[in-house]
Amino acid sequence: MHPLLSPIKRLGLYLLAWVPLAVILIYLLASPGHLGWRDAIVLLVPLCLVYQFLCLTAWYSCRATPIEKTDLGRLALTHLAAGAVISALWVELAKILAYVLAQFPPFSGLYEQFSSQVPVLFGAGFLLYLLSVAFHYVLLAMEDSRQAQTRALETSVLARDAELKALKAQVNPHFLFNSLNSISALTSIDAGRAREMCILLAEFLRMTLGIGEKALVPLSEELDLLQRFLAIEKVRFGSRLQVTVDVDAQAQFCLVPPLILQPLVENAVVHGIANLPDGGRVRLTAHCGADRLHIVIENSLDPDAPAKRKSGLGLANVRHRIEARYPKDANMSIASDEDFFRVTLSLPAEHATDSPAPTATTVAELQQPKEVRG
């Protein structure tokens with residue numbers, strides 16, 4: 001719906017704004033003496049009432065030709081042609097009205113007098129339509145700005161919410177308790193490794209909270225978070241958990257919402273690998289095209305196990321957040337075959353221009369923890 005048609009207050013203000021324009025048009029037609037003031041008023045008041053609604057059609061041509069996406073030639077041709085058509089229609093309506101009024105004795109001769117004013121009325125209508133076009137582009141810019149602010153606010157709220165939920169949902173009690181149990185078991189057989197695990201767990205929890213402070217982060221930061229997570233999970237599952245990572249160098253420049261990958265990888269481990277006696281593989285791939293970032297996370301699964309994850313908390317959280325950040329420009333798809341469960345993200349490629357030169361991420365770099373300092 002046209003933004004000026006609802007609420008009614010907006011339409012009232014729009015109609016009121018036409019009052020001075022109608023006065024100017026009446027003056028233009030009456031001042032040279034071709035039409036009397038009475039004739040000009042009787043003719044132009046209903047015409048202006050009709051034309052102000054005809055000018056509202058500029059909203060649709062403006063939406064079809066956004067300034068930032070339309071070349072200048074097409075932009076000019078569209079609005080000049082629309083202005084000429086609308087103005088010609090207005091002139092024809094004026095001729096009809098003048099002819100009807102001329103049938104009444106008080107306005108006899110009005111049609112002949114008006115005929116000489118047709119070029120003036122056409123020119124005025126053309127300029128008024130172009131003015132309406134400029135006005136509607138301002139409306140579109142305001143609407144886009146309002147939507148951008150709403151999305152930014154919603155994204156900020158969701159990021160905060162993700163930060164607060166990190167220890168309750170994404171870093172669930174099972175993961176935390178199992179990690180602590182693994183650390184406890186290591187203290188008696190490998191105290192150095194247990195100490196390393198404590199530091200990794202602390203770093204992971206700190207990074208999970210800290211990364212939620214940002215609206216967008218480079219993919220490389222998400223991979224750093226996965227490095228800590230997988231290092232901890234490797235202690236729990238040992239050789240049962242195999243990870244393959246293929247992230248091209250350019251993809252690491254791309255910005256993504258924080259905490260977008262860790263819940264997906266955690267789901268892959270908890271709902272896939274943990275249910276397989278012999279373990280399985282988690283594969284993460286990411287590549288950046290001209291304007292899209294594609295991320296795929298897949299894991300081995302038990303073909304006899306019932307599907308449980310399409311409405312899972314982690315998947316639902318990620319889907320909701322990308323829909324808030326990219327209303328129509330991103331998608332998340334879920335699929336499974338006999339042996340693999342797969343989540344695919346397709347996001348607009350937003351680049352971190354101030355990031356250091358990226359290097360391709362290897363499996364070893366992602367799975368091995370960084371050096372632990374005393």
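Buried means under 20% relative accessible area, exposed means over 50%, and partly exposed lies in between (1.4 Å probe, protein chains only). C62, with a relative accessible area of 0%, is therefore buried.

This is a predicted model, in which local features need pLDDT of at least 70, side-chain atom pairs count only at pLDDT 80 or more, and totals for chains, interfaces and linings use all residues. Residues are numbered from 1 along each chain as its sequence is written, and side-chain values use heavy atoms, with hydrogens and water left out.

**Figure 1. The whole protein chain.** The protein chain has twelve helices and eight strands. Helices (H or I, at least four residues) and strands (E, at least two) are DSSP runs, numbered from the N terminus. Of its 374 residues, 44% count as buried. A contact means heavy atoms within 4.5 Å. Among contacts in the protein chain with a separation of 6 or more, 76% join residues 24 or more positions apart.

**Figure 2. Helix α1, residues 8-30.** The expected span of a helix is 1.5 Å times one less than its number of residues. For the 23 residues of α1 that gives 33 Å, and the end C-alpha atoms are 33 Å apart, so the two agree. A kink of about 25° is centred on P20. Here the bend at a residue is the angle between axes fitted to the seven residues ending there and the seven starting there. Which residues of α1 are buried? They are L11, Y14, W18, A22, L25, I26, L29 and A30.

**Figure 3. Aromatic pairs.** A pair of aromatic rings is described by the distance of the centres and the angle of the planes. Rings of Phe, Tyr and Trp (its six-membered ring) pair if their centres lie within 6.5 Å; planes under 30 degrees apart count as stacked, over 60 as edge-to-face and the rest as tilted. The structure holds six aromatic pairs. One of them, Y99 with Y111, is edge-to-face, at 5.9 Å centre to centre and 85° between the planes. This pair links distant parts of the chain: Y99 lies in helix α4 (residues 72-101) and Y111 in helix α5 (residues 110-115), twelve residues apart. Y99 is partly exposed at 49% relative accessibility. Y111 is partly exposed at 28%. The F122 and F126 pair is stacked, because the ring centres are 6.5 Å apart and the planes are at 15°. F122 and F126 both lie in helix α6 (residues 118-170), four residues apart, about one turn of the helix. W18, Y51 and W90 form one aromatic cluster.

**Figure 4. A charge over a ring.** The charged end of R38 sits over the ring of F107, 4.8 Å from its centre. The rule asks for NZ of Lys or CZ of Arg within 6 Å of the ring centre and within 35 degrees of the ring normal.

**Figure 5. Cysteine C55.** A disulfide is a pair of cysteine sulfur atoms within 2.5 Å. By this rule the count is zero. For C55, the nearest cysteine sulfur is that of C48, 9.6 Å away. C55 is buried, at 0% relative accessibility.

Figure 6. V50 is in helix α2 (residues 37-54). V50 is partly exposed, with a relative accessible area of 40%. V50 and L93 are 43 residues apart in sequence and 9.3 Å apart in space, C-alpha to C-alpha. M207 is in helix α8 (residues 191-211). Is M207 buried or exposed? At 16% relative accessibility, M207 counts as buried. Leaving aside residues up to four places away in sequence, M207 touches E221, D224, L225 and R228.
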